[in-house]
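Subject: Structure for your review

Dear colleague,

Please find below the structure that I am handing over to you. My findings follow directly after it, and I would be grateful if you would read them with the coordinates open.

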Amino acid sequence: MQLANVVLAQIGWFAAVLGAAHDRPLWGLACGLAVIAWHIAVSSRPAQEAALVALVCLIGFVSETIHVALGNIGYPSGQPLAHLPPYWMIGLWGLFAIQLNVTLRWLRPRLWLAVVLGAIAGPASFASGVRLGGASFIHATPALAELVVGWAVLMPLLVWLSIRFDGVIVEAVIHADLPETAHA
């Protein structure tokens, strides 16, 4: 499940970013939505996982709307209105959400590490999308500062939400005691 989650989420990410870069944002979004649908379908509690995806997408919509309003980031396609973020970006937040209870589950007891990871990995992922043409930095330094602060704040919140809306229950592993060997 973890390997499939990582691979499919990355395929969805590339499809969304490259779709936007090549003026085909709907194709990328469709791929991402298919990955999200697969994840929810194989989850042990699909309603919980779907609720997490919806909440993370809502948080992403607010976050991305702030980025658009600040004017330091631009997008080549997929914005229905100039003051709103592109729909494929909200799809990326959904793809991120499906990783919270699977590949990023290890962050749960380490919220301080979620702050650090968010501050580094969030902007790095965004910068990768910029290099692929899915977005652009209009003013690079303020854009990166926004991303660092935003992800440092949001990552522990998202990890906390994943605990509250855990649709991927990890079965407890029961270790059977081995029979004791008799000593002569």
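I begin with Q99, which is situated in helix α4. Please bear in mind throughout that this is a predicted model. Q99 counts as buried, because its relative accessibility is 15% and the cut-off for burial is under 20%. Apart from neighbours within four places in sequence, the contacts of Q99 are N5, A9, L104 and R105. Q99 is also 9.5 Å from S162, C-alpha to C-alpha, although 63 residues separate the two in sequence.

Two of those partners, N5 and A9, belong to the packing of α1 with α4. On the α1 side, N5, A9, G12, W13, A16, V17 and A20 take part, and they meet W88, L92, L95, I98 and Q99 of α4. The axes of α1 and α4 lie 10 Å apart and form an angle of about 170 degrees. The two helices are therefore roughly antiparallel, since that term applies to angles over 145 degrees. Sorted by class, this contact comprises nine nonpolar and three polar residues, with no charged ones.

The overall architecture is as follows. The chain contains six helices and two strands, in the order α-α-α-β-α-α-β-α along the sequence. Its C-alpha trace spans about 80 × 30 × 25 Å along the principal axes. Of its 184 residues, 45% count as buried. Among contacts with a separation of 6 or more, 77% are between residues 24 or more positions apart.

Helix α6 deserves a paragraph of its own. This helix covers residues 140-164, and its 25 residues should span 36 Å at 1.5 Å a residue; the end C-alpha atoms are 35 Å apart, which agrees. Within α6 there is a kink of about 25 degrees at L154, shortly before the proline P156. Both L154 and P156 are buried, and the other buried residues of α6 include A143, L147, W151 and S162. The buried residues of this helix pack against α3, β1 (73-74), α4 (87-100), α5 (111-131) and β2 (136-137).

L70 and A143 are 73 residues apart in sequence, with 8.6 Å between their C-alpha atoms. While A143 is buried, L70 counts as exposed, because its relative accessibility is 51% and exposure requires over 50%. The second pair is A127 and L147, which are 20 residues apart in sequence and 9.8 Å apart in space, C-alpha to C-alpha. A127 is part of helix α5 and is buried, with a relative accessible area of 15%.

Finally, I would draw your attention to D23, in the loop between α1 (2-21) and α2 (25-42). As a rule, most residues other than glycine have a negative phi. D23 is exposed, with a relative accessible area of 56%.

With kind regards

Key
Residues are numbered from 1 along each chain as its sequence is written. This is a predicted model: local features need pLDDT of at least 70, side-chain atom pairs count only at pLDDT 80 or more; totals for chains, interfaces and linings use all residues. Side-chain values use heavy atoms; hydrogens and water are left out. Buried means under 20% relative accessible area, exposed over 50%, partly exposed in between (1.4 Å probe, protein chains only). Helices (H or I, at least four residues) and strands (E, at least two) are DSSP runs, numbered from the N terminus. The expected span of a helix is 1.5 Å times one less than its number of residues. The bend at a residue is the angle between axes fitted to the seven residues ending there and the seven starting there. Contact means heavy atoms within 4.5 Å. Axes are lines fitted to C-alpha atoms, for helices over the stretch in contact, and angles run from 0 to 180 degrees between N-to-C directions. Angles under 35 degrees count as roughly parallel, over 145 as roughly antiparallel, 65 to 115 as roughly perpendicular and the rest as oblique. Ala, Val, Leu, Ile, Met, Phe, Trp, Tyr, Cys and Pro count as nonpolar, Asp, Glu, Lys and Arg as charged, and the others, Gly among them, as polar.
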